[in-house]
Amino acid sequence: MHRARENTLESFRMALELGLDGFELDVHLTQDGVLVVHHDFHLGGVPIHTLSRNELPAFVPTLEEVLRAFPRAWINVELKSLPPETDGREEALARLLARYPSERLWVSSFDPLALVRLRRLGVGPLGLLYEKPEALELAPCLGVAWVHPKASLLTEEGVRALKARYRVLAWTVNRREEAEALAAWGVDALVSDFPEVLV
């Protein structure tokens with residue numbers, strides 16, 4: 001099976017063509033203020049925030065290009081951010097999303113300060129990403145509608161408790177048996193490196 005490079009227009013298109021109803025992507029702000037889609041903070045060893053849009057390779061799309069290309073897809077936008085500083089990426093995201101309103105889009109981050117800034121800017125719904133169980137204690141303070149735990153943290157009883165208050169996305173779900181169990185427990189969304197696992 002042909003594997004597309006992650007976080008590209010091709011990979012999102014292939015996931016939708018397989019029958020999935022959406023995808024997760026990772027967003028950074030370039031030196032010249034453009035929101036671009038790439039997983040890592042660096043590209044070829046160079047921090048993305050030090051590069052301009054024109055210095056990035058063609059396979060790196062802008063977030064605006066993705067939103068225009070897939071207006072009916074469910075999209076989880078993960079804002080990549082390192083606390084405590086900000087370079088204005090929250091404001092840039094708020095401005096862009098105001099131009100592309102969608103009830104099928106929500107924003108998540110590992111950075112609780114970024115989520116606070118986004119909430120103050122009126123961006124929502126929001127999701128807290130975490131891989132340490134104690135991070136869940138931050139969720140009530142952040143006003144998030146979603147929680148995004150690492151899949152290995154979840155149990156059927158735990159999902160039931162989370163669902164009483166939040167919508168739940170689990171990552172990274174790369175085995176079909178795990179995907180089926182999480183879906184049966186009521187998890188709302190699953191993220192996988194292998195979209196065929198979720199079909």
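**Exercise 1.** Is F12 buried or exposed?

*Solution.* Start with the cut-offs: buried means under 20% relative accessible area, exposed over 50%, partly exposed in between (1.4 Å probe, protein chains only). F12 has a relative accessible area of 4%, so F12 is buried.

The model is predicted: local features need pLDDT of at least 70, side-chain atom pairs count only at pLDDT 80 or more, and totals for chains, interfaces and linings use all residues. Residues are numbered from 1 along each chain as its sequence is written, and side-chain values use heavy atoms, without hydrogens and water.

**Exercise 2.** Classify the aromatic pair of F12 and F70.

*Solution.* Step one: apply the criteria. Phe, Tyr and Trp rings (for Trp, the six-membered ring) pair if their centres lie within 6.5 Å; planes under 30 degrees apart are stacked, over 60 edge-to-face, the rest tilted. Step three: read the geometry. F12 and F70 are 6.3 Å apart centre to centre, with 90 degrees between the planes, hence edge-to-face. Step four: check burial. F70 is buried too, at 9% relative accessibility. Ring pairs link F12, F23 and F70 into a cluster.

**Exercise 3.** Describe the pair of F110 and W171.

*Solution.* First, geometry: the pair is edge-to-face, at 5.8 Å centre to centre and 85 degrees between the planes. Next, separation: the pair ties together parts that are 61 residues apart in sequence.

Technical notes
Helices (H or I, at least four residues) and strands (E, at least two) are DSSP runs, numbered from the N terminus.
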